[in-house]
Amino acid sequence: MSEELVQHPKESLPGPRASPREVWKKGGRLLSVLLAVNVLLLACTLISGGAFNKVAVYDTDVFALLTTMTLLATLWIVFYLLRTARCRDAVPYRDAHAGPIWLRGGLVLFGICTLVMDVFKTGYYSSFFECQSAIKILHPIIQAVFVIVQTYFLWVSAKDCIHTHLDLTRCGLMFTLTTNLAIWMAAVVDESVHQAHSYSGSHGNTSHTRLAPDPERAGGTAGGDPCPCSTAICQIFQQGYFYLYPFNIEYSLFASTMLYVMWKNVGRLLAPTHGHGHTPSRVSLFRETFFAGPILGLLLFVVGLAVFILYEVQVSGERDHTQKALVTYYSFNIVCLGLMTLVSLSGSVIYRFDQRAMDHHKNPTRTLDVALLMGAALGQYAISYYSIVAVVVGSPRDLLGALNLSHALLLIAQHTFQNVFIIESLHRGPPGAEPCEMPPKEPCQGITFANLDAIHTLPSCPPTPRLVSSNPESPQEAVAIISAPRCHWRRRCLKDISLFLLLCNVILWIMPAFGARPHFSNTVEVDFYGYSLWAAIVNICLPFGIFYRMHAVSSLLEVYVLS
């Protein structure tokens, strides 16, 4: 049954008056959202309750809930794949903007790391299966199957605009999205419990260990388990899957964003020409750039890796070494964030001279990209403002405090200006849409073109001649090749800027994703807020900051392609 038409006039299709089934579109979406909210709240209640000592919710209860949710989501995905395979008319349209290759590639990368983590967790719990609940061994196995099935599903179906069993599909997609969010919450809480236990053990007190598991309670994965992990292989499995938690977190967030786009595209009608956007078919890295951005970005990337390794080696040593490690870490981040802020601001200034038309077509993928950039940045904003208050109001005021304050302020500025640059870039029209700057000295001559009539539509200024094949893929491509100025200086600058920001975001993702936590090594915030409150703030907000870096990388790659 058809759905209501897309609201943009360029994508609207003629059709009969809206039927009661079409009017129910918003009701179907509301039903699926209500289902997701209730399931998510139930999962959040059990997962958060299982992290505290005084709550009679055991981790076996959490594992049972997550296993049930992953099983149901896996069965629904299999049903979806079988249904679309049997019914040829189930997916009459595909959204060309949804599920870009770099997003699906990142999903596969994080999915592989999640599978390795599940193997480590299975090996860890199997090391002492005599005194463990069977659900603890079963859960990572079921989760591995879910990851494999879901990754294949999103790889082949991310662009689908399905038109059969609309309400069931919406509910299934929302339930699968909720399952990914529940897995994400469980990973964040488990990592928080592990950090709290490690902190209490290193400081020799229990005043800040509310999140630490009770030794009397079964199943504490942070070290309070009555079953001791004494063998070397068990220790390797335990440490290994904790290091792989960031990849599991990113996988869940990546899958959630792709599922949301699919949910928005359920029942969507597209014009025949929709999706033939302005993304070039071939991407050549470092092509038409000044090479300044890639070189400077690679330099900061290499220096950042060295700083990260030095930080990890020194931060757990003596107090003097910890102080030096923090000063080095903050100094590098201040330089990197400062350059990124200036470069993002320069890109926005360049757009003031860019006369390309803004693209206002309806695009759920781009709308979601903008919402994720703005929403994920809130996590780092929150950490930065808490740090600013702790440094300004607290004491003492020393070099480390000044570096911490500068780092927090630059994080806010960098996120703001980078978001402005990326969002404006994603809304720009196709390359070559801007008029030439210099007036022509001669009429257009020496141009090789595919159609004699096309020469009359060219601008008055002569573009750089390019050869066109006799059989272009499309008329739009032939016109773009003829009319687009080659190696325009603004395009080169924008490509350099996007590559520089991309490499910087990669190194700023690697540091926190692989365990850099200056928030706890620098005791200013811990002393000011107390460990329990500060650990909750960091462990809730920091995953959003890590996700922001990865999402910024994918968005900047798209900016590079579109520039």
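Reader: Which hand does the crossing have where α5 passes α8, left-handed or right-handed?
Author: Helices (H or I, at least four residues) and strands (E, at least two) are DSSP runs, numbered from the N terminus. A crossing is left-handed if the near helix is turned anticlockwise from the far one by less than a right angle, and right-handed if clockwise. Where α5 passes α8, the crossing is left-handed.

Reader: What sort of model am I looking at?
Author: Residues are numbered from 1 along each chain as its sequence is written, and side-chain values use heavy atoms, with hydrogens and water left out. Local features need pLDDT of at least 70, side-chain atom pairs count only at pLDDT 80 or more, totals for chains, interfaces and linings use all residues, and the model itself is predicted.

Reader: Back to that pair of helices: is α5 parallel or oblique to α8?
Author: Axes are lines fitted to C-alpha atoms, for helices over the stretch in contact, with angles from 0 to 180 degrees between N-to-C directions. The axes of α5 (residues 134–157) and α8 (residues 245–264) come within 11 Å and cross at roughly 40°. Under 35 degrees counts as roughly parallel, over 145 as roughly antiparallel, 65 to 115 as roughly perpendicular and the rest as oblique. That angle therefore makes α5, relative to α8, oblique.

Reader: Which residues of α8 does α5 meet?
Author: Contact here means heavy atoms within 4.5 Å. On the α5 side you'll find Q143, V147, Q150, T151, F153, L154 and S157. Their partners in α8 are N248, Y251, A255, M258, L259 and M262.

Reader: And which residues of α17 make the contact with α8?
Author: α8 and α17 (residues 531–562) pack at about 65°, with axes 10 Å apart, and α8 passes α17 in a right-handed crossing. From α8, the contact uses I249, E250, L253, F254 and T257. From α17, it uses P543, I546, F547 and M550.

Reader: α17 also packs with α12, so what is the angle there?
Author: α12 (residues 399–426) passes α17 in a left-handed crossing. Among the residues that meet are L411, H415 and F421 in α12, and Y548, A552 and L556 in α17. The two axes are 10 Å apart, and the packing angle is about 35°.

Reader: Is T179 buried or exposed, and what is its relative accessible area?
Author: T179 is found in α6 (residues 166–203). Setting aside neighbours within four places in sequence, T179 is in contact with M69, T70, A73 and F146. Buried means under 20% relative accessible area, exposed over 50%, and partly exposed in between (1.4 Å probe, protein chains only). T179 counts as buried, because its relative accessible area is 1%.

Reader: How far apart are the C-alpha atoms of S127 and T231?
Author: S127 sits in the loop between α4 (101–126) and α5, and is partly exposed at 33% relative accessible area. Beyond neighbours within four places in sequence, S127 is in contact with C234 and F237. S127 and T231 are 104 residues apart along the chain, and their C-alpha atoms are separated by 8.4 Å.

Reader: How many aromatic pairs are there?
Author: Rings of Phe, Tyr and Trp (its six-membered ring) pair if their centres lie within 6.5 Å; planes under 30 degrees apart count as stacked, over 60 as edge-to-face and the rest as tilted. By that rule, the number of aromatic pairs is 21.

Reader: Of what kind is the Y329 and Y330 pair, stacked or edge-to-face?
Author: Y329 is buried at 5% relative accessible area, and Y330 is buried at 3%. Their centres are 6.0 Å apart, with 75° between the planes, and the pair is edge-to-face.

Reader: What about F528 and Y529, stacked or edge-to-face?
Author: F528 is partly exposed, with a relative accessible area of 35%, whereas Y529 is buried at 17%. Their ring centres are 4.8 Å apart and their planes are at 85°, so the pair is edge-to-face.

Reader: Over which residue's ring does the charged end of K495 sit?
Author: A charge sits over a ring if NZ of Lys or CZ of Arg is within 6 Å of the ring centre and within 35 degrees of the ring normal. The charged end of R104 sits over the ring of W155, 4.7 Å from its centre. For K495, the distance to the ring centre is 4.4 Å, and the ring belongs to Y560.
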